[in-house]
Amino acid sequence: MRIIRFAILMAFLLVFLMPVYVLLVTSFKPLQEADPSTAWNLPRDWSTQGWSSAWETLRPGLENSVKIAVSASLISAVLGSLNGYVLSKWRFPGADAVFTLFLFGMFIPYQAVMIPLAGMLTDIELVGTIRGLVLTHVVYGIPICTLIFRNYYVTIPDELIEAARVDGAGMLRTYWSIVLPVSGPAFAVTLIWQFTSAWNDFLFAVFLGAPDSWPVTVLLNNTAGSGAVAVQYNQQMASALLASLPTLLVYLLLGRFFMRGLMAGALKG
């Protein structure tokens, strides 16, 4: 039975890696070899031409994506942590209603608010800017971050908070000294979630952005079908891999903390 399970898992792994193999080998082929009919063949002449072209094309978008994803992830995680702390440990009249409204924000489709959102960003002169895209991702990231942190902080014993109050610690002091030091797993979950969401965003970027603020997803889309004479499959495959590397690195670096956060109850409740 164990061998059968292992064989099934290996089969799923091979199926999953098949597109990655095609992407990888095609990205190292010269343009004349990069053809769908030879997609499974290894390159006869290994070349980094596709990677060089992809880097030159995507470099501005990669820089913009780093600015947007890192800023939005950090800001929304911090705000979600503060919201979750207040809603779980410093309850006030109407706290449940406020939390319900936060959750309601998770289910509002992007398309439903795109026009008023564009109008608001235009009024505050942030449309077409990186700051505007960061603000958009922060606003849409706060509900899920609040949910994760609130459910995580519920597992912290109330006795610790009461002891801090007895010792004279206020709300912020209690958060800084008691709650924040044990929030690592929850921050790992929210940072991975928000970074991935902001990095992979296309709709907000193409609708609210401008050529100077376009992230890598928009530039990657623009490479599709590029080439007046022949489709540059090697550049397109290298571009797809290059655009996906940052999220892969984030999962590799924070993956074990992500699983620890899940097991600790960051998504429970």
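## Contacts along the chain

In the protein chain, 74% of the contacts with a separation of 6 or more are between residues 24 or more positions apart. A contact here means heavy atoms within 4.5 Å.

This is a predicted model, where local features need pLDDT of at least 70 and side-chain atom pairs count only at pLDDT 80 or more, while totals for chains, interfaces and linings use all residues. Residues are numbered from 1 along each chain as its sequence is written, and side-chain values use heavy atoms, with hydrogens and water left out.

## Helices and overall box

Let's look at the build. The protein chain has 11 helices and zero strands; helices (H or I, at least four residues) and strands (E, at least two) are DSSP runs, numbered from the N terminus. Its C-alpha atoms fill a box of roughly 75 × 60 × 30 Å along the principal axes.

## Inside and outside

Of the chain's 269 residues, 40% count as buried, meaning under 20% relative accessible area, whereas exposed is over 50% and partly exposed lies in between (1.4 Å probe, protein chains only). The chain exposes about 15200 Å², with 70% supplied by carbon and sulfur atoms; such areas come from the Shrake-Rupley method with a 1.4 Å probe, and for residues only the protein chains shown count as cover.

Now zoom in on Phe-6, which sits in helix H1 (residues 2–27). Phe-6 counts as exposed because its relative accessibility is 54%.
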